[in-house]
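I opened my notebook for a friendly walk through one model. Here is what I looked up, entry by entry.

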Amino acid sequence: MNSDRWSQLPDFPWDTLAPFAETARSHPDGIIDLSVGTPVDPTPLVIQQALAAASNAPGYPTTAGIPQLSTAFINWAVGNLGAPENIAVLPTIGSKELVATLPNLLGLGVGEVVLIPEIAYPTYLVGGIAAGCEVIATDSPELLTEAVSMVWLNSPSNPTGEVLSLERLQVIVRWGQAHGVVIVSDECYFELGWDAEPVSILDQRVHGGNLTGLLAVHSLSKRSNMAGYRSGMLAGDPELVNRILGIRKHLGMMVPTFVQYAAIAAYQDVEHVREQKARYDSRRAALRSALTHAGFDIRHSEAGLYLWVTQDKDCWESVSQLAAKGILVTPGAFYGHQGQKFVRVALTATDEAVDSAVARLLNFA
């Protein structure tokens with residue numbers, strides 16, 4: 001049965017981009033890779049210094065993490081997310097491993113249903129399949145009549161940059177709590193709002209103080225250029241978080257001690273987040289203008305690290321055309337059938353690379 005389950009996993013999407021990457025690399029001025037949202041700017045010095053200062057760590061860390069990290073995150077969440085102080089928190093080894101394992105950690109399995117957004121980060125699907133669940137893509141979970149065990153939300157969205165409003169979150173949370181459904185909100189791009197202000201599922205305006213069944217996923221990869229540190233956080237319903245903690249203890253899922261101290265520095269420092277957001281804002285404005293000039297229509301993209309764009313043609317045709325200009329982007333088909341006519345353009349390139357991409361787009365044909 002296990003082998004059958006794993007055989008249902010889709011091919012790793014980015015492997016199919018390899019031929020287009022080769023085309024882009026053959027451009028006389030080289031490739032500009034806007035396909036993957038991996039940070040390219042330096043990790044802030046305050047974080048590097050905290051890591052170095054804690055590098056003498058001969059003992060095993062605990063799965064629950066050091067108390068100072070819990071305090072730092074809760075203080076940050078209260079001030080930035082509008083969360084109550086009684087949220088429970090748990091450090092994770094980045095956010096992707098959590099997304100991929102969460103249905104299993106919640107004890108879900110065969111015969112249970114996990115809902116994901118219609119256009120979604122592929123690992124939501126992978127995690128549901130790995131647990132043996134049925135996975136259904138819908139943006140209206142409250143309209144589904146069959147039994148549901150878990151719902152993934154993603155706001156700001158990867159790839160679309162769409163932001164769920166306070167009112168929309170309230171509707172989904174009321175429905176979930178009324179039906180005993182776990183609602184998990186992936187908020188890894190929370191601090192990168194542009195044309196809309198993201199709202200956390202932990203915001204007291206959303207749940208009115210009732211955290212039952214609510215979880216939020218956060219990450220330092222994007223806002224603090226710490227993708228290489230693998231530092232994420234799960235927060236929300238104390239009963240659920242403590243249950244997951246117990247399982248992760250058995251599995252030995254522990255964040256290195258020095259990474260935890262680096263995370264504390266990241267949550268306590270505001271200035272580096274403002275500086276990084278300003279960098280992305282500048283790159284976003286330049287790419288947005290150039291893509292529009294090149295005939296792309298930009299949809300959503302109110303927040304996050306990507307522009308979600310279309311030429312109203314098959315995404316692979318757009319990928320091919322851009323690769324011929326030495327620009328590699330991600331086909332929307334990676335994120336579900338609704339993305340078939342879109343491509344995702346990442347803002348994670350140096351200023352010099354963005355300037356080169358803009359120049360090529362201005363001569364796009």
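Where does Asn225 lie? I found Asn225 in the loop between β7 (214-219) and β8 (232-236). Helices (H or I, at least four residues) and strands (E, at least two) are DSSP runs, numbered from the N terminus.

Before going on, I noted that this is a predicted model, where local features need pLDDT of at least 70, side-chain atom pairs count only at pLDDT 80 or more, and totals for chains, interfaces and linings use all residues. Residues are numbered from 1 along each chain as its sequence is written, and side-chain values use heavy atoms, with hydrogens and water left out.

I looked up the backbone angle of Asn225 and found a positive phi of about 55°, although Asn225 is not a glycine. Next I checked Pro156, which sits in the loop between β5 (150-154) and α7 (166-179). A cis peptide bond joins Ser155 and Pro156, with omega about -5°.

**Entry: the seven-stranded sheet**

I traced an open sheet of seven strands in the order β2-β8-β7-β6-β5-β3-β4, with mixed pairing. Two strands pair if DSSP finds at least two bridges between them. At the edges I found β2 (88-92) and β4, each of which pairs on one side only. From one strand to the next, the twist averages 20°.

Then I looked at pairs within the sheet. β5 and strand β6 (residues 182-186) pair in the parallel sense over five bridges, and Asn154 stands opposite Asp186 in β6. Strand β3 (residues 113-116) and strand β4 (residues 134-137) also run parallel, joined by four bridges. There, Val114 stands opposite Val135 in β4. I followed the chain from β3 through helix α6 (residues 122-130) to β4, and this β-α-β crossover is right-handed (with the strands pointing away from the viewer, the path from the first strand over the helix to the second runs clockwise).

**Entry: the four-stranded sheet**

Which strands form the other open sheet I looked up, and in what order? I read the order as β9-β10-β13-β12, with antiparallel pairing. β9 (297-299) and β12 (330-331) stand at the edges with a single partner strand each, so one side of each has no neighbour in the sheet. Five bridges join strand β10 (residues 306-310) to strand β13 (residues 342-346), and these two run antiparallel. In β13, Arg344 is the bridge partner of Trp308. Helix α11 (residues 271-293) packs on this sheet and touches β9, β10 and β13; contact means heavy atoms within 4.5 Å. The direction of α11 makes about 5° with that of β10.

**Entry: helices side by side**

I kept this in mind: two packed helices are described by the angle between their axes and the distance between the axes. Axes are lines fitted to C-alpha atoms, for helices over the stretch in contact, and angles run from 0 to 180 degrees between N-to-C directions.

First I took helix α3 (residues 45-53) and helix α10 (residues 257-268), whose axes come within 8 Å and cross at roughly 150°. α3 and α10 are therefore roughly antiparallel (angles under 35 degrees count as roughly parallel, over 145 as roughly antiparallel, 65 to 115 as roughly perpendicular and the rest as oblique). Val46, Ile47, Ala50 and Leu51 in α3 meet residues of α10, including Phe258 and Tyr261.

Next came helix α2 (residues 18-25) and helix α12 (residues 315-324), with axes within 7 Å and a crossing of roughly 25°. That makes α2 roughly parallel to α12. Phe20, Thr23 and Ala24 in α2 meet residues of α12, among them Trp316 and Ser320. I counted the classes as six nonpolar, two polar and no charged.

Last, I checked α11 with helix α13 (residues 351-362): the axes come within 8 Å and cross at roughly 15°. α11 and α13 are therefore roughly parallel to each other. The residues in contact include Arg283 and His293 of α11 and Asp351 of α13. By class, this contact has nine nonpolar, one polar and two charged residues.

Definitions and conventions:
Ala, Val, Leu, Ile, Met, Phe, Trp, Tyr, Cys and Pro count as nonpolar, Asp, Glu, Lys and Arg as charged, and the others, Gly among them, as polar.
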